[in-house]
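Please keep the sequence and the structure at hand while reading.

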Amino acid sequence: MISEFQDTAPQRTDVLSHVHLDNNKYENVLEHMDSGIMLFDNHGILTFINVQMAKLLELPRNLVSGCTLMKLLRLPQMSRFKKKKILRIYRETIFHRKRYHELMDENGRHWLVTVTYGDQMDGDFLFSVKDVSDYKQIEQTAYQNDKLAMLGRISASIAHEIRNPLTAIRGFIQLLRPHLLQLGKDEYARIILTEIDRANDIIYEFLNSSKPSAPQKTVMKVESLLKEVVLLTESEGLMKGCEILLEVEDTPLNVSIDVKQIKQVILNMVKNAMDAIEEVGEEYTGMIRIKTTTENKFVQITIADNGRGMDHNTLVRLFDPFFTTKESGTGLGLSVSYRIIKNHGGTISVNSQKGEGTSFMIKLPLVY
Ligand SMILES: Nc1ncnc2c1ncn2[C@@H]1O[C@H](COP(=O)(O)OP(=O)(O)OP(=O)(O)O)[C@@H](O)[C@H]1O
Ligand SMILES: [Mg+2]
């Protein structure tokens, strides 16, 4: 029996040193994972934080290791924005016992926070944070395309349902016209006909704008396009108490665009910005900055305002057809803009902070 044990003893030390080596290796893997990881023990003390999590918090690891959550939240080195997010995660995952929580950072990136605790963790709380922006983008695009396809179908049926009876009414009024003339009421016929034509025009415009046609492209300088937009909106801006600033790059940037459509997109965004500024209050000094930057083979047009900003609920529904928070809005502006920019091989993204303002970024391919 003893000899048997002695025989196996050297092997056991071998195994133990192996386990030790493996533990180091696993720790090293955890340290350098692309997800952020931190572990709190059952007294609420931070016992482990990996490189990525420290980077996300923008704090050195040696400063936060051994801190409690309270101490962490009191660190002057951490931004208010981050503290608010951490408190929110704490509330959602610990109080409301949700295992997952999604959040958006200052740069509009989406993060998924997962918390693991309970028997399997021996009283510890493991938080992991993962960048899910790319998945979100794919999900959002698929959802958006579905909505737009639905909008196309609704529009077609509206056209069918309203235009046909209008045509019939128009025909009968024309038949009645001689009789009305005899009664000295030709004026009535004239008014009815003009109003029917106006209704038809409105439907036509609506259908055209909700289903943008294939772009009729011409090559144009971004600078000239933006200057025209500023000219068109400046006076309305003045009336609404907001200044419009144009900052364009020195080098001429050419894009191949349907000028009418892209103008419609930028005008809609500037108009949205004015509305958002107006909603802050009458005395408020609004500022809309339109600027261009280049990135790889794209030009980015940024339209930034210091208006009321948007909350999360508005942001997630922003590009939905018919989504509006305005009494007289159609909620079509951004969904149509999205489609137009997509047809031009570009993208639209948005950053917004409630109470601070909003920036829309339009990227369009450059032509050389
Ligand atoms: N710059 C902005 N600041 C704050 N909220 C905005 C901004 N741009 C858009 N929104 C929000 O997005 C919603 C949808 O905008 P969209 O342009 O699609 O429609 P709308 O402006 O409401 O209606 P319409 O364009 O027909 O006038 C708006 O109702 C508003 O709540
Ligand atoms: Mg709008």
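**Ligand site and strand pairing**

The space taken by ligand 1 is the second largest pocket. A pocket is an open set of points on a 1 Å grid over the protein atoms alone, with protein on both sides within 12 Å along at least five of seven lines; a molecule sits in one if more than half of its atoms lie within 2 Å of its grid points. This is a predicted model, in which local features need pLDDT of at least 70 and side-chain atom pairs count only at pLDDT 80 or more, while totals for chains, interfaces and linings use all residues. Residues are numbered from 1 along each chain as written, chains are lettered from A and ligands numbered from 1 in the order in which they are written, and side-chain values use heavy atoms, without hydrogens and water.

**Shell around ligand 1**

- Ligand 1 is surrounded by 21 residues, of which the closest are Thr324, Thr325, Lys326, Thr330 and Leu334; a residue is near if one of its heavy atoms lies within 4 Å.
- This shell comprises seven nonpolar, eleven polar and three charged residues, where Asp, Glu, Lys and Arg count as charged and Gly is among the polar residues.
- Helix H9 (259–278), helix H11 (333–343) and strand E12 (357–367) each supply at least two shell residues, and H9 gives the most, with four.
- Helices (H or I, at least four residues) and strands (E, at least two) are DSSP runs, numbered from the N terminus.

- A polar contact is a pair of N or O atoms within 3.5 Å.
- An oxygen atom of ligand 1 is 2.6 Å from a side-chain N or O atom of lysine 326, and an oxygen atom of the ligand is 3.2 Å from one in the side chain of arginine 308.
- A polar backbone atom of glycine 333 is 3.5 Å from an oxygen atom of ligand 1.
- The protein covers 94% of the 600 Å² of accessible area that ligand 1 has on its own, by the Shrake-Rupley method with a 1.4 Å probe.

**Strand pairing around E9**

- Strands pair if DSSP finds at least two bridges between them.
- E7 (residues 242–247) and E9 (residues 286–295) are parallel, with six bridges; leucine 246 stands opposite isoleucine 290 in E9.
- E9 and E10 (residues 298–305) run antiparallel, joined by eight bridges, and isoleucine 288 stands opposite aspartate 305 in E10.
- Two residues lie between E9 and E10 in their hairpin, and asparagine 296 in the turn has a positive phi of about 50°.

Definitions and conventions. A polar contact is a pair of N or O atoms within 3.5 Å; within protein, one must be able to donate a hydrogen and the other to accept it, and residues adjacent in sequence count only if both atoms are side-chain atoms. On a 1 Å grid over the protein atoms alone, a cavity is a set of points where a 1.4 Å probe fits but cannot get out, and a pocket is an open set with protein on both sides within 12 Å along at least five of seven lines; lining residues have an atom within 4 Å of a point.
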